[in-house]
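Dear colleague,

I am passing on the structure we spoke about, and below it you will find my notes on what came out of it. Please read them with the coordinates open beside you.

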Amino acid sequence: MKVETLRWFNNRLEMVDQRILPAAFEYLSYYTAASVAEGIRSMVVRGAPAIGVAAAYGVALEALRLQDKLAVEFKDGMEAGFTVLAASRPTAVNLFWALQRMRRVWESVAEQAPQQIAQRLLAEAHEILAEDIRINKAMGAHGAVLLKDGARVLTHCNAGALATAGWGTALGVFRSAVEAGKKISVIADETRPFLQGARLTAWEMVQENIPVTLITDNMAGYMMAQGEVDAVVVGTDRVAANGDVANKIGTYMVAVLAKRHNIAFYVACPLSTIDLNIATGKDIPIEERSIEEVKGFRDYHWAAEGVKIRNPSFDVTPAELVTGLITERGVVLSPDAQSIRKLMMGRVV
Ligand code: MRU
C-alpha cells in the first residue's frame, strides 16, 4: 500500500490523521489556511517536508476561498493566511521555506485577478508535492549506496512517507536500498513522547514487509554495545549553516551513542531543510509542546500529579557527530560551513 499522506481531492486538501495511526487510517478535509495551520499544530500532519507541503496547500486554499473578494480584501486575507500558517510550528524550516516560495509566486502574478492568482498558487502547491517525492527518491538512491547488504539500521522518530509527500527521507533510503536488492533490517526507536517510531515508522515498515524491530529509546545504547547496529539514518527539521542538525528529541542522544560505538550516523536532508540564515544549531528555535504529552499518552496519565514537566520536542546534534548529510545532490561527508555552502551552490564535495 502506497500512503498518500496529503492529497488534493474534490477541490480540497485531504491529510491522513496521523494522531490516530496505526489504530485507524482516516483522511481529514481542509478548506482554509487557518484549518491547515491547526492541522499542523495538532500534528494531524507532521514531519518537516509534509508540513511544508501542507502549508503550501494552506496558502492555495486561502486564495481559492478569497478569490471572489475585492483585490484589497483578497490581499489582506492572504496576509492573514500566511501569518496563521507561519505561527503553526517553529522548528521545521520547510514550513517557512514553502511559505516563502508561495509568497514569491504570489508576488510574480500579483497584478492578475484573484481567480488567476489562486489557480497559479494551487499549481505551485501541486508542484511542491510532486517535487518532494522526486527529491526523496534521489536522496534514497544516494543513501542506499551507503548501506551494505544485510545492514541493521537504526532510526529515530518517523522520517517516512508519512513525514513527506511520499517515499520518505530516512525511510526513503531504506526503501531505495530494498528496491536495489539489499536485505536490510530496521531498528525503530519508539520515540517518546509522541511515539512516531512505534506508531508510524513501525507501521510503514510492516506495511511493506521491510523487517523492523521496535525498541524503546533507552535500549539504543544496549543494542549498539551488543554490536547489533551497523548504521543510523535519521531525518531532520532544520540544518544550520555549519551543519548542526535539529531533529526529534532524542536524536542527539543517539548520535553521541553512535560516535561512542564507531557507528556511522547519517542525516537524510533535502536542501529545503538547510537554513543558511541560521549560523549554528544554538539559534534554531526549539518547540516546547504541551506537558500533557509527557504526563502519559492520550487520556491515560501515569506521571505523579503536581510534578514539574518539560517537553522540548527537538534537540540539536552538533555537526561533528554527523558522518554525512544525504541530500538530493549527493552525500556530504563530515558536513561543515564550507561544504554546506558549496552544496547549496550546486556542488557536493
Ligand atoms: O514532531 P514531528 O513528528 O513533526 O517531528 C518529525 C521529525 O523530527 C522528523 O525526523 C523530521 O521532520 C524529518 S521528516 C522527513
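In this predicted model, the centres of domain 1 and domain 2, taken over C-alpha atoms, are separated by 25 Å, where the domain assignment of the protein gives residues 6-136 to domain 1 and residues 139-344 to domain 2. The contact draws 28 residues from domain 1 and 36 residues from domain 2.

Between them the two domains bury about 2600 Å², and 55% of that area is on carbon and sulfur atoms. On the side of domain 1, Arg 46, Thr 91 and Asn 136 supply 26% of the area buried against domain 2, which is more than any other three residues give.

As for polar pairing across this interface, 22 residue pairs are in polar contact between domain 1 and domain 2, and the rule finds 1 salt bridge there. The elements that give two or more residues to the side of domain 1 touching domain 2 are α2 (48-66), α4 (93-108) and α5 (114-144), and of these α5 gives the most, with 5 residues. By residue type, that side of domain 1 divides into 18 nonpolar, 5 polar and 5 charged residues.

Turning to the salt bridges, a search of the whole structure finds 21 of them. One of these joins the side chains of Glu 287 and Arg 89, with N and O 2.8 Å apart.

Another brings together the side chains of Lys 148 and Asp 230, at 3.6 Å from N to O. Because Lys 148 lies in the loop between α5 and β4 (152-155), while Asp 230 lies in the loop between α8 (220-225) and β7 (231-234), this pair ties together parts that are 82 residues apart in sequence. Asp 230 itself is partly exposed, its relative accessible area being 25%.

Glu 292 is partly exposed, with a relative accessible area of 36%, whereas Lys 295 is buried, with a relative accessible area of 18%.

Finally, Arg 12 forms a salt bridge with Glu 14, the closest N and O atoms lying 3.1 Å apart, and both Arg 12 and Glu 14 are buried. These two residues also belong to a network of salt bridges that links Glu 4, Arg 7, Arg 12 and Glu 14.

With best wishes

Methods. Residues are numbered from 1 along each chain as its sequence is written. This is a predicted model: local features need pLDDT of at least 70, side-chain atom pairs count only at pLDDT 80 or more; totals for chains, interfaces and linings use all residues. Side-chain values use heavy atoms; hydrogens and water are left out. Domain bounds come from an automatic or database domain assignment. Contact means heavy atoms within 4.5 Å. Buried area is the accessible area (1.4 Å probe) that two parts lose on being put together, summed over both. A salt bridge is a side-chain nitrogen of Lys or Arg within 4 Å of a carboxyl oxygen of Asp or Glu. A polar contact is a pair of N or O atoms within 3.5 Å; within protein, one must be able to donate a hydrogen and the other to accept it, and residues adjacent in sequence count only if both atoms are side-chain atoms. Helices (H or I, at least four residues) and strands (E, at least two) are DSSP runs, numbered from the N terminus. Ala, Val, Leu, Ile, Met, Phe, Trp, Tyr, Cys and Pro count as nonpolar, Asp, Glu, Lys and Arg as charged, and the others, Gly among them, as polar. Buried means under 20% relative accessible area, exposed over 50%, partly exposed in between (1.4 Å probe, protein chains only).
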